[in-house]
Protein chains: 2
Amino acid sequence: MDIRVICVGDELLTGDTVNTNLAFIGDRLAQLGLSLQSEICVPDDECCIIDALDFCAYADVVIIVGGLGPTVDDLTRPTVAKFLDRPLRLDPTVRDNIRAYLGARAATLPSDALDIQSQVPDGAQVMPNRNGTAPGLILRRGNTLWVLLPGPPRELIPMFNQEFLPVILPLARADWEAVTLHICGMPESAVEKLVRSTLGDANGIHLAFCIKNDNIMVRLSQLCSCRHENLEQAVKALRNAFGYHLIPPPHQTAAEYLGAILAERGLTVATAESCTGGGIAAALTDVPGASAWFPGALVTYANEWKTQLLGVPKQTMDTHGAVSEQTVHAMLDGLLSTYHTDLGIATSGIAGPSGGTPAKPVGTVVVGVAANKAWREVKTFHFNGLRDSIRARTASTAINLLLANLLNQQE
Amino acid sequence: MDIRVICVGDELLTGDTVNTNLAFIGDRLAQLGLSLQSEICVPDDECCIIDALDFCAYADVVIIVGGLGPTVDDLTRPTVAKFLDRPLRLDPTVRDNIRAYLGARAATLPSDALDIQSQVPDGAQVMPNRNGTAPGLILRRGNTLWVLLPGPPRELIPMFNQEFLPVILPLARADWEAVTLHICGMPESAVEKLVRSTLGDANGIHLAFCIKNDNIMVRLSQLCSCRHENLEQAVKALRNAFGYHLIPPPHQTAAEYLGAILAERGLTVATAESCTGGGIAAALTDVPGASAWFPGALVTYANEWKTQLLGVPKQTMDTHGAVSEQTVHAMLDGLLSTYHTDLGIATSGIAGPSGGTPAKPVGTVVVGVAANKAWREVKTFHFNGLRDSIRARTASTAINLLLANLLNQQE
């Protein structure tokens, strides 16, 4: 089934609004095994809207979002009516509904604002809008369904779910079934290599790879006409191949997975952060319920704070530098001995843009993880990129390193 | 100038990723007085990519984002090369650059991953990627510039700013001139009301409002044919009207502005964070050079840590709760007396999803800011929304509150 989306609105192309409607529609359809063929975003301009309608003219379903309001820059309704050669007529029932929705506010509106939104193209089916004024519209021409939906998400989302889906579902023949796996602590190309060597020719399974916050998302999909067991077997094989790198559902991030393991084992973790500046603590406390396993963090950005709070000897920093494995060892020592958690994470690095030296250029980062006296791993990394990206990669590397050690210990 | 964007990636159409790249590109171009004619989003599929290229074939500039990675579903490079009839050749310099970027990790990669990303279409100009492996590419055919950029924002954004803009700027004939102002610490509707009452009929100046991380961006634009002084006068009038709520350029965030003031006045600030979990420290240390004015933070998520590190009396928390103005006062007392900074920020709140009570529902947050014994402000807020959004609003509210107090003291 060829389903396409057209989003209409200047604000989407000037960067004033991020298009979350596309992600909402794509996600809802994917849950039903339907996929979008394309999306086009055009400004509030008749010629541009017509170009987009032309591009979609042979699809099965065309969903047109936005531009249904009462102001002169809302051009979707008359342009679609013109394109499909369906005259607009004022629908008194629609007008009454809008008036009822507005209640007392109706009196304050110019009456043509009401009239404009009450125009319905010949033969259109009206979808009532319970959260705004502009109704949705459905038109049929040939084999194509043309669907007009309002742009504000609080109007679009309930109308999509309550009015549009019941219309489209009987027509929809789910083409695809899909599973998304989240992998942490491996580079994208290594993930792909292992996926491919594990699945071999993959029996008609379509693969897609995507990076999100340093985790790799692998989507496996196949036509519904294939045997469902194919997909199940593929997921099982990948679970075996990736081991602890595969974040088990319902968790989607390494921090969520780490939190679940800590909660299950009754362990606590604290962080001692220099270059990440609280970023690891912030990532860990993004996880609901983190208070069960995360008592707190010491952000020791200044060297004096490393000494005062963690007991890092000034001499260690003078001799080896604040960014050194020796300093991170001392940070871990101080963290675990003074603050009594089971596990600790420590970081020190040069995030830039200044502060680099020939021996320790910007991007040099030391990450340490430890479980009291049981085990410890302290490693130096060299990350490329800008300040933001170096800090973000340090944080995700630290969480992945702790996760890997925890899961290795178990084996 | 007809500029179009093509975004390539299954994840954009399945709802797995919200397309923030389009908003970034639209915003950067709008700042330069350029506008986007359309955007098309297509899956990782050769036919769909070619349909999109066809749709854009008569534009002046076509920006194609994503699908440049090393995996087999990354089809943008070969498909564009085929469409423009430019054979792909392995470029040894590109290969060396990718190898240098990867450093020690290069050895762990399958060699074809390196080779694929080193392919360059005949006649293409290469834009180096300092934050990832895939380089950007620029091709000319007829009057059209075809530009290929990587999809991950941390690679796209610096390449767009540093490599692509210098190429396009000499070609661009700006139709619009525009100024963007950043306002902090005021709700959007109050910002809009004050802008409109200050500018009156606005003399042909077009206004747009946008919220970004709790700051309001106000964009003033006018046709280049208008008198330049109009825009200058409008900006001057708004500076007077908004006072310290207007973040002065070149700063774009309240944290950057705060950092500049602290550096100028020779002051230091530390944070004592509960519900924000290090988020304020992370926002402050996002600012380059933060070490000059930010020595560190105490993330006291557990009540025991509030007592151990900040000396908050257990009785205060037992009597008034950990989320109370009394506890935040005690956190500030401990922070300033023990850690000797000039200024302090403290937070405690219920970010949810659980932990709310009828008296203190989820979203109840206490924020305190203080300058040793000179002044102090501790306030309770009620934020709506989910955990993420409550935490982010608490962090930006805390920074704005400190900024407002610092700038008020000066007056």
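Strand S14 (residues 296–300) of chain B is mostly covered, with five of its five residues buried; strands here are DSSP runs of type E with at least two residues, helices are runs of type H or I with at least four, and both are numbered from the N terminus. A residue counts as buried if 20 or more other C-beta atoms lie within 10 Å of its own, as exposed if 12 or fewer do, and as partly exposed in between, the C-beta atoms being placed from the backbone. This is a predicted model, in which local features need pLDDT of at least 70 and side-chain atom pairs count only at pLDDT 80 or more, while totals for chains, interfaces and linings use all residues. Residues are numbered from 1 along each chain as its sequence is written, and chains are lettered from A and ligands numbered from 1 in the order in which they are written.

In a regular strand the side chains alternate between the two faces of the sheet. In S14(B), Gly296(B), Leu298(B) and Thr300(B) point one way and Ala297(B) and Val299(B) the other, and all are buried. Strand S14 (residues 296–300) of chain A is joined to S14(B) by five bridges, the two strands running antiparallel; two strands pair if DSSP finds at least two bridges between them. Within this pairing, Val299(A) has Ala297(B) as its bridge partner.

S14(B) is also joined to S13(B), in this case by three bridges and in the parallel sense, with Ala272(B) standing opposite Leu298(B). S13(B), helix H11 (residues 279–285) of chain B and S14(B) make a right-handed β-α-β unit, right-handed meaning that, with the strands pointing away from the viewer, the path from the first strand over the helix to the second runs clockwise.

Strand S13 (residues 269–273) of chain B also has five bridges to S15(B), again running parallel, and there Glu273(B) stands opposite Thr347(B). Strand S15 (residues 343–349) of chain B is mostly covered, seven of its seven residues being buried. The buried residues are Leu343(B), Ile345(B), Thr347(B) and Gly349(B) on one side and Gly344(B), Ala346(B) and Ser348(B) on the other. Seven bridges then join S15(B) to strand S16 (residues 364–371) of chain B, which run antiparallel, and Gly344(B) has Ala370(B) as its bridge partner.

We turn now to chain A, which is divided into domain 1 (3–168), domain 2 (176–247) and domain 3 (254–410), bounds that come from an automatic or database domain assignment. Four strands of chain A form an open antiparallel sheet in the order S10-S11-S9-S12, and its edge strands, each pairing on one side only, are S10 (206–212) and S12 (246–247). Strand S9 (residues 176–183) of chain A pairs with strand S11 (residues 215–223) of chain A over eight antiparallel bridges, and His182(A) has Met217(A) as its partner.

Finally, the largest nonpolar core has 142 residues, of which Leu335(A), Ile399(A), Leu402(A), Leu335(B), Ile399(B) and Leu402(B) touch the most other members; such a core is a set of buried Ala, Val, Leu, Ile, Met, Phe, Trp, Tyr and Cys residues joined through C-beta atoms within 7 Å. Its largest share, nine residues, comes from helix H15 (residues 387–410) of chain A. Apart from this core lies another, of 101 residues, among them Ala81(A), Ala113(B), Leu114(B) and Ala124(B).
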